[in-house]
Each structure stands twice: as structure tokens, then as C-alpha cells.
Amino acid sequence: MMQTTKLVIFASSSFALPSIELLLQAGYLGGVILPDPAEVDEQALQVQQLAALLQHNKVPYHFCCAAKLPELSREFDRWQARAAVLATFPYLIPSDLLAYFDLGVYNIHGSALPYYKGAAPVYWQIRNQEREAAVTLHCVTSELDSGNIVVQQPISIAPCITGLGLSNQMSQVSSQIVLALAQRLETTGKAELGVPQANSSSLTNVPQSVNGNQSKATVEAQSRIWAPKPTKRNSDIDLNLIRSDELAALCRASAGTAIPVELFAEKVCFQLIEANESDTLVHGCKAGTILAIGLQDGLVMALNGEAVRLSVVACDDGVYSGVNFARRFQISIGMLIRVPSHYKGK
């Protein structure tokens, strides 16, 4: 099916694949722009895998470094592109390139903007134990994630879903939104204008404490505004401070990323893949103490005044249930689990 309206997809991962497939099938796809793998560090493999899939399916694509984005107009002329959609694209689009597309440039964002602006909305929404997210299609401007909202479709966040699982769910929803956008552009021949986002400053307009320091409500509100790319530091934990529900959420947010939660037991370092709340009594035990090991209880560790089940762990030997990990490495009740910073240099 031939359509007169052609869209360009700017992408860097498989998140964009469902959108690419639907646009291709419906005749709306002009081509795909991929970032230079040398500029995207840990995303390089994802970019190369996406390029291989595009090449296999004879989909036009083009690699481009950030500095050469303004030179893409010749490629767009060849593809006869009139609109563009960004789906996990790491570069900011220069103003002269925005002006090229007479039917607009749009971005798919995995949150209910203006909440969770930034590179990692899925990670932070799961980490903050949000119950509802959204897929937002908004106009692209020179300011990050701040353009008018065209479509915002709510999505419930399942209690046990991982960051990767939520991202996959959003990917499917996004494809329907992008296809509907292409159909509207084809029908109207006009760019979507959308509606302005709420002012971010009003979202944190909550009282401060009496002494002038930020209140807990203020800190929590601000944590929902920005969603920066997480670093290894974001997975560092203090067993004396973190709650079991927070640790469980952190594991789900970090699943499948390069920044897993790392712990240390005797002579083995391991990654905590899944954690769950436990009703095992702590009896004043020090945080990090193993409280129980068994098929019924699982591998249970003390935190500060509560317990957490270490349900799934991974190490150099492979992936284990908590109980099998304890058996494999002779972990016993009363043994202390530590975070890596507690044993470095010893």
C-alpha cells in the first residue's frame, strides 16, 4: 500500500520495532535513523542488532553521529519524509532539522508527562513504586520532553513487572499510537499541535519544613519530575536504611540492565535479581543477617526491623533460586550478607 505521507523513525533499540513494522506494513515508513554505535556506549549492541534486523528486512536505514544530524535532509529528501517520530533516540534534534518536517516531529515518552522527564522514565517509575504510567506522544521542541502533548494513554503498572517488561508493554502501545498519528497526518495534511503540558514548577509546589529544609513531600514530588539515566551509584544500597518494598522495586527496575544490585556473601559476589517482602521475624538481628533458609520461607535476610526474601540471584556460576544459591555456596543461618563497599580492600 502506497501512502503519500512518509514518516522517519529515529530509534536506538528494539523498542521501536513494533512501530517500524506497522508503518512498513501500512506504507507509511520512509526510513529509520540510528545513532552512531561508537557514541552510545552500552547501547551499541542494541543499535547494531536493530540495524541487522532492518537490513535483513530490507528497511532503509542510516547511521548518524550527533554532529552530522543537520546533514540528514538529503536522506529525508530521498525518502520523501514529511514527519518524524523519535523512539528511544539519544540525541537532541537541532532546530533546523525540526523545521525540515512540515508535518511535525514527535517523540514517544514512557510516562505521563510532565512527570518523569528524561532518559529513564520506566526505571524511575518502577523504582518509585508507581501504580500507573502512560505512553505520551508529544511534539519535539528544543527543550527536553517539554513539547505539547498529542496523545497520552495510561498504562497500569503490574505489581511484579520488571522495567524490561513495562518497556515491552509500552512498545506495543506506542506502535498503535504512531500508526494512528500517521493515519491522521495522511488524512488532514496538517501537523498535530497538541496541548501544552502543565508547568513543572507547579508540580513541586508543596510546603517546606519549618526550618527551611525541604520536606519529605517536596523531595518525593521532585523525584517524580526528572528521570535521568541511572548509574551504578543508583543501585548501591544501605542494608540499614532500605526497606524490603524498596529493595524489591529496585531489583525490578534494574532487571536486565547494566546496573544490577550487587551483594557479597563470604567469598562470593552475587547480583540480586528478585527480592520479595517476608513476614519472617527479625528478633533484633543486624541488617544483612540470614534469618531463614528453606523451601517454604526461601532465603531470608534481615533489614532494619524487617525481613526480605532473596528470591532469585545470579553469579559467575549462573542463575539460582535463593535456596539453591545458599546450598551451592554453603550459606547458613546467622551469616552476614554485605554490600560490596563493605568488603573492598579487605
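Guide: Arg224 counts as partly exposed, because its relative accessibility is 30%, and in this predicted model its side chain meets that of Glu130 in a salt bridge, with 2.7 Å from N to O. This pair links distant parts of the chain, since Arg224 lies in the loop between helix 8 and helix 9 while Glu130 lies in the loop between helix 5 and strand 6 (132-139), 94 residues apart. Glu130, for its part, is buried, because its relative accessible area is 18%, and the cut-off for that term is under 20%. Side chains of opposite charge can pair when their charged atoms come close.

The loop that carries Arg224 also holds Trp226, placed between helix 8 (216-223) and helix 9. Trp226 counts as partly exposed because its relative accessibility is 47%, and together with Leu92 and Leu144 it makes a nonpolar surface patch of about 340 Å².

A second salt bridge joins the side chains of Arg243 and Asp245, at 3.0 Å from N to O. Arg243 counts as partly exposed because it has 37% relative accessibility, whereas Asp245 is buried, because its relative accessible area is 17%. Asp245 is also one of the buried residues of helix 9, a list that includes Ser244, Leu247, Cys251 and Arg252. Helix 9, which spans residues 244-254, is mostly covered, with 10 of its 11 residues buried, and those buried residues pack against helix 5 (121-127), helix 6 (163-188), strand 8 (261-265), strand 9 (268-278) and strand 12 (307-315). After helix 9 comes Gly256, whose phi is positive, near 80°.

Met301 is found in strand 11 (residues 298-302) and is buried, because its relative accessible area is 0%. Leaving aside its neighbours within four places in sequence, Met301 is in contact with residues that include Leu239, Ile290, Leu291, Val308 and Ile337. Strand 11 pairs with strand 10 in the antiparallel sense over 4 bridges, and Gly294 has Gly298 in strand 11 as its bridge partner. The two strands, strand 10 and strand 11, form a hairpin with 3 residues between them. Strand 10 (residues 290-294) is largely enclosed by the rest of the structure, because 4 of its 5 residues are buried.

Returning to the charged pairs, Asp317 forms a salt bridge with Arg328, and the closest N and O atoms are 2.6 Å apart. This pair too is described as linking distant parts of the chain, with Asp317 in the loop between strand 12 and strand 13 (318-321) and Arg328 in helix 10 (residues 322-328), 11 residues apart. Asp317 is partly exposed because its relative accessible area is 44%, and Arg328 likewise counts as partly exposed because its relative accessibility is 42%. Lys232, Asp236 and Glu262, in turn, are linked in a network of salt bridges.

Notes: Residues numbered from 1 in each chain as written. Predicted model: local features only at pLDDT ≥ 70, side-chain atom pairs only at ≥ 80, totals over all residues. Heavy atoms only, no water. Buried < 20%, exposed > 50% of the residue type's maximum accessible area, 1.4 Å probe, protein only. Contact = heavy atoms within 4.5 Å. Patch = residues over 30% accessible without salt bridge, like charges linked within 9 Å, V, L, I, M, F, W, Y side chains within 5 Å. Areas by Shrake-Rupley, 256 points an atom, 1.4 Å probe, with all protein chains shown as cover. Salt bridge = Lys/Arg side-chain N within 4 Å of Asp/Glu carboxyl O. Pairing = 2+ DSSP bridges.
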